[in-house]
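Dear colleague,

Please find below the structure that I promised to hand over, followed by an account of what turned up in it. I would be glad if you could read the two side by side.

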Amino acid sequence: MMLYKFFTNSEWAWQAMFDSISKAQKSIYLEMYIFVDDMQEFNFLKLLKKKAKSGVKVKIILDSFGSSSLSKEGILSLKEAGVEVIFFSYFLHRTHRKILIVDEEVAFIGGVNLEQKMSQWVDLVVRMEGRLVKSISRSFAKAYVKSGGKDQALITLNKEVVLNKAKTWIMEHFPISNKFHLKEIYKEALRDSEINVLLVSPYFIPKRWLMGAMHQAVLRGVKVEVIIPKVTDNFFVDRVNYFYIYKMSKLGVSFFLESKMNHAKVLIIDKKEGMIGSNNLDNFSFEFNSEIGVFIKNIEAIRKLLNITNEWKSESVLFDPKLYKPSWIDYILSPLFRLLFFL
């Protein structure tokens, strides 16, 4: 039986993750895009060292770019405590995944990073228990091996993930291994939807195929909606976001601008199935980053997910293309940014 719980902002997710790590008896596997040792109330660095010293096996995979602000002292102190810290480092390719697995029995997946400045962000993380956690553990083992990990137990665990599409399964996206599943999932969702498709992303810098798929869905009578922050954490991204919001609004896509920084990544199809994950709607997530998501068909889970997104929509303002006019700079900057975007 699949057990799950949703957390809708960074601090709530951090609290749940912190509590689970505190209770770990055997192992802690953490894969993060951003991990910085500036956390105040939730000092994950200190807790992970404490658990490693107590005999718990602690393995951490960090992106070499995203976690570049993690201090050398912090890295050294983790290693001295017995934590294995390895960095995912490939040219252009990054691990953008956010995974925590405790004792191979509890797993967290979503959009939350570990950095103090994100404490007030809206986000979405799902906590899971059940047989799916084994598949998530295998997915972590794959990233561990790709990052150069040598622990034989995790190497043995590095097997193909069996996807069970009956109720819930995971989405793995490993461009470095030529496994491009994200594009297939979004194209299929927009092509096969009958009533509506809801997307949530902090960054909306779509490639041409995604713009085309969204437009085709609208032409078929499908209601396509996107929840996005009114203001993100990057001024230039805001300009590019609004440029593509404007273009797609004129083609019939509805955009809800949330006043808070919403860093969640969600896909819901016909109010029947959905995916929560780590990917943004940009070039790097689809073409270069390693990503992960949980695909859900469970009726109760979808109902809760809809309640969350409906609340976000109620706190948002519908974008009106009549009130926005792109400048000539936007017509140059936005396509270039779409090509190079890697946040």
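In what follows, Ala, Val, Leu, Ile, Met, Phe, Trp, Tyr, Cys and Pro count as nonpolar, Asp, Glu, Lys and Arg as charged, and the others, Gly among them, as polar. This is a predicted model, in which local features need pLDDT of at least 70 and side-chain atom pairs count only at pLDDT 80 or more, while totals for chains, interfaces and linings use all residues. Residues are numbered from 1 along each chain as its sequence is written, and side-chain values use heavy atoms, with hydrogens and water left out.

On a 1 Å grid over the protein atoms alone, a cavity is a set of points where a 1.4 Å probe fits but cannot get out, whereas a pocket is an open set with protein on both sides within 12 Å along at least five of seven lines, and lining residues have an atom within 4 Å of a point. Grid points are joined across faces, edges and corners, and a volume is the space filled by probe spheres set on the points.

The second largest pocket holds about 380 Å³ of space, and among the 20 residues that line it, Y33, I34, K117, M118 and D233 lie nearest its centre. By class, this pocket's lining comprises eight nonpolar, eight polar and four charged residues.

A search of the whole structure for cavities of 30 Å³ or more finds one, and the largest cavity contains about 40 Å³ of space. Its lining consists of M17, M32, K98, I99, L100, F108, I109, G110, V112 and V125, which by class are eight nonpolar, one polar and one charged. Strands β5 (99-102) and β6 (106-110) each supply at least two of the lining residues, and β6 gives the largest share, with three; helices (H or I, at least four residues) and strands (E, at least two) are DSSP runs, numbered from the N terminus.

Turning to the packing, buried means under 20% relative accessible area and exposed over 50%, with partly exposed in between (1.4 Å probe, protein chains only). A nonpolar core is a set of buried Ala, Val, Leu, Ile, Met, Phe, Trp, Tyr and Cys residues joined through side-chain atoms within 4.5 Å. In the largest such core, of 41 residues, F6, I101, L124, M128, I136 and W312 touch the most other members, and helix α4 (residues 132-146) contributes the largest share, seven residues. A second, separate core has 40 residues, including I205, V218, Y242 and L267.

Helix α2 (residues 44-53) is largely enclosed by the rest of the structure, because seven of its ten residues are buried, namely F44, L45, L47, L48, K49, K51 and A52. The cover over these residues includes α1 (10-22), β2 (27-32), β3 (57-63) and α3 (72-80). Just after α2, G55 takes a positive phi of about 110 degrees.

Finally, two individual residues. Q116, in the loop between β6 and β7 (122-129), is buried, with a relative accessible area of 18%. Leaving aside neighbours within four places in sequence, Q116 is in contact (heavy atoms within 4.5 Å) with W14, D38, M39 and Q40. R208, in helix α7 (residues 208-219), is by contrast exposed, at 68% relative accessible area.

With best wishes
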